[in-house]
Amino acid sequence: MSDPLAQIVSLLKPVPSIAKLVMAGGAWSVERRELGSPFYCAIVEGRCLLTIAGRSPIILESGDFVLVPQIHAFTMSSLEPPPSGTLPRRLETGPGVFRLGDPDTPSDVTALVGHCSFLANDKQLLSSLLPDIVHARGERRLMDLVGMIHAEMVGGLAARDMILSRLLEVLFIDALRSTGGAETSPGLLRGLSDMRLAPALRRIHQDPSGGLSVEELAETSAMSRSAFFDRFRRQVGVPPMEYVTGWRMVLAKDLLVRREAPLVEIATRIGYASASAFSVAFTRHVGVTPGVFARTD
């Protein structure tokens, strides 16, 4: 697999944790803190406010989909939230079904909300390559996928975990490829949307064992070394060789955990001339030797 986006999502290994159908009416607010986990939401009906720590509030409307790969604190509320200090009103009316706000007030918002986690060995680095937030409007496919995930979570049918993992992967890929361009935060997607940088990024992912110096990558992008370096750092968020090393270490961790190849073969597959050179680079990057990492993970 050499498609960069597919590689990232596959290595992240998203697995579901919570899926809820939320209905709300009147003045309501729900706050979550210190989650540190991916969050997604599909608005089936109505309008509400999503406020993520450190970002401007977003008005979500029917047909909107939001994905936040890493979220630590957020608030969802009615467009006119209740006064500060008001205790939240939250009632579970059935398995995975919640009512927010005054239960005597007609519901005017319906949303499918979910949280998941990443099983990746280097989820911090991998998720840092993704946008801070994906906000899509009118993407029927994303709405349908969220509905399928919710139905599978509450259905309890055979092969549930396998189906959920596949659905989450498709949801992430579909959501991520619905965004891109200069408005996206620096990272892999922004780099791939840049026609000059995309060939270099694909080369890194397709052949991590090949020649991946700044000069060679700049040549792939038909740019001068300095122009390529500056553009890569601006669009992707890190210098080219830092990205190359980080990606090689992600692959190395995955190979070490799977124990499918000896150290010398892993070194060759990710671009190091010897097992000792790989061990030095891995230890410097990760903080432990490859052998210790494989035994303790």
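Colleague: How do you divide the lining of the largest cavity by class?

Modeller: Ala, Val, Leu, Ile, Met, Phe, Trp, Tyr, Cys and Pro count as nonpolar, Asp, Glu, Lys and Arg as charged, and the others, Gly among them, as polar. By that division, the lining has 12 nonpolar, 1 polar and 3 charged residues. The model is predicted, so local features need pLDDT of at least 70 and side-chain atom pairs pLDDT 80 or more, while totals for chains, interfaces and linings use all residues. Residues are numbered from 1 along each chain as its sequence is written, and side-chain values use heavy atoms, without hydrogens and water.

Colleague: What makes a space a cavity, and how many cavities of 30 Å³ or more are there?

Modeller: On a 1 Å grid over the protein atoms alone, a cavity is a set of points where a 1.4 Å probe fits but cannot get out; its lining residues have an atom within 4 Å of a point. By this rule there are 2 cavities of 30 Å³ or more.

Colleague: What volume does the largest cavity have, and which residues are closest to its centre?

Modeller: Volume is the space filled by probe spheres set on the points, which are joined across faces, edges and corners; here it is about 180 Å³. Of its 16 lining residues, Lys20, Val22, Val30, Leu100 and Val113 are closest to the centre.

Colleague: Which element supplies the largest share of the lining of the second largest cavity?

Modeller: Helix H9 (residues 240-258) does, with 3 residues; a helix is a DSSP run of H or I with at least four residues, numbered from the N terminus. This cavity holds about 50 Å³, and its lining includes Val250, Lys253 and Asp254.

Definitions and conventions. 1 Å grid on protein atoms, 1.4 Å probe; cavity = no way out; pocket = protein on both sides within 12 Å on 5 of 7 lines; lining within 4 Å. Helix = DSSP H or I, 4+ residues; strand = E, 2+ residues; numbered from the N terminus.
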